[in-house]
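Hi everyone, thanks for coming.

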Amino acid sequence: MEKSLPFPQGFLWGGAIAANQAEGAWNVDGKGPSVADAITWKPNLSLKDYSGHMALTDENIRDAFEGKNDALYPKRRGIDFYHHYKDDIALFAEMGYTVLRVSIAWSRIFPTGEGAAPNEAGLQFYEEMFRELRRHNIEPLVTLSHYEMPLALSEKYNGWVHRNVVDAFVRFSNVCFDRYKDLVRYWLTFNEIDSIHRHPFTTAGIREEKSAPGKAQQDIYQGLHHQFVASALVTRDCHAKIPGSQVGCMLTKLTTYPHSCRPEDVEATLKKNLENYFYADVQVFGEYPPLILRDLARRDIQIAMQADDQRILKDHTVDFVSFSYYMSMTESTQPDVERIPGNTVLGVKNPYLPASEWGWQIDPVGLKISLLELYDRYQKPLFIVENGLGAKDVVENGEIHDSYRIDYFRAHFEQTLAAINEGVDVMGFTTWGCIDIISAGTSQMSKRYGFIYVDQDDEGNGTLKRLKKESFWWYKKVIASNGADM
Ligand code: BG6
């Protein structure tokens, strides 16, 4: 009989949130507006229209700079984690978390992204939060950029298109390393760095309408290149300043299967997956893949690189590969296939898979496939830093019975263990939105991922009271048994 291994000792179990979706307090204690603070909730838009949900107007930008119309902008209020973090961390500790993934809102530290000195109140907030985590023996896993760059940098430079933003980010990151060097060992540079192509404004402050005619793609690749260089530079600085620190890249793992075995479908799928790998390839191998360079040349996209850039990428690669995984898709070249929504993408429907209420196709085996693919390709430790089910929870007599969420996680944990048994090195698992927060894609509150319910609706009404869902107790048991009791 085959011998089956348990989750490794020291496997990191926990949850993940992002500052812009959780903290609220968007203009408190010196914080400047971020790109997230300019995105409205759009209740009447189709779920298929992801770019529409993240779109914005000049008026939205003005509102953010002038501090107007808060009610329209859910990420400004988040779930007020800024004022509730101690109680929330106590709940995470009660579940037994050994890791919590959070991000640092850049505009809390540098309100405009630049300027003479960092904002002490912002630095103090994260210091206290990290100390609170440590008091509960929870390891912070910190993302430096998670869809929340200072709005002022977006306006001044069209975001990451301009090289000056590299310097500003390196400065911000170094301020964080200096201040938190005794508190934080695990760092991620850019959340879902690939998403710059799907929502360039929230990822990189880039507004395509500001590009010269026909040059929007060129600007996006330029912004991406700057993020690659910035990521390598801060990886260098983190290693130099924090002995024993580990820095990861972070990819949206958009696992895609051929819709049929027609060679055309297989080729289209291969290209989609190669494109998805490209972002991690640069950060792990330290160079652009030749097929991508050829593709860029054919599309007449020229990336301006400084003399040292290639060496910087090569010399400062990441220590581990982290990724989000929610769903899988299929691909086809046939015109008559049905396309359904996934995580800021549309993919061809897979007839073998169920889907969430938002149309995302639930595929736990796809997580195992992703782990095998990524480990075989990179041979670096992997960290699943986002996975979860967005669902509409119902409160009945003060209770939430979310067996659908338990089923989702059980299946994904089982497939993670199966991959570990086949030799994949997995550092940990942080479930997404471990407490209900504002959706990144649709700015809804009603798209809930948490083990902890937060009493707030899409319009911001509610007491913000926290309630433990049925899944809270289940996850506590899973962690206590290191995954043996699921
Ligand atoms: C990931 C993002 O892509 O997906 C998160 O990193 C986001 O910020 C998560 O919240 C789930 O997406 P959504 O749109 O359901 O919030």
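Start with helix α5, residues 81–95, and helix α17, residues 470–480: their axes come within 8 Å and cross at roughly 55 degrees. An axis here is a line fitted to C-alpha atoms over the stretch in contact, with angles running from 0 to 180 degrees between N-to-C directions. Helices are DSSP runs (H or I, at least four residues), numbered from the N terminus. So α5 and α17 are oblique to each other; that label is what remains after under 35 degrees (roughly parallel), over 145 (roughly antiparallel) and 65 to 115 (roughly perpendicular).

Who makes the contact, meaning heavy atoms within 4.5 Å? On α5 we have Leu91, Glu94 and Met95, and on α17 Phe472, Trp473, Tyr475, Lys476 and Ile479.

Quick note: this is a predicted model, where local features need pLDDT of at least 70, side-chain atom pairs count only at pLDDT 80 or more, and totals for chains, interfaces and linings use all residues. Residues are numbered from 1 along each chain as its sequence is written, and side-chain values use heavy atoms, leaving out hydrogens and water.

Next pair: the axes of α11 and helix α12 (residues 263–285) come within 10 Å, crossing at roughly 35 degrees. Here Tyr221, Leu224, Phe228 and Ser231 of α11 meet Phe278, Tyr279, Val282 and Gln283 of α12.

Staying on α11, which covers residues 216–241, you'll find alanine 240. Is alanine 240 buried or exposed? With 65% relative accessibility, alanine 240 counts as exposed, since the cut-offs are under 20% relative accessible area for buried, over 50% for exposed, and partly exposed in between (1.4 Å probe, protein chains only). Alanine 240 also sits 9.7 Å from phenylalanine 177, C-alpha to C-alpha, with the two 63 residues apart in sequence.

Key:
Helices (H or I, at least four residues) and strands (E, at least two) are DSSP runs, numbered from the N terminus. Contact means heavy atoms within 4.5 Å.
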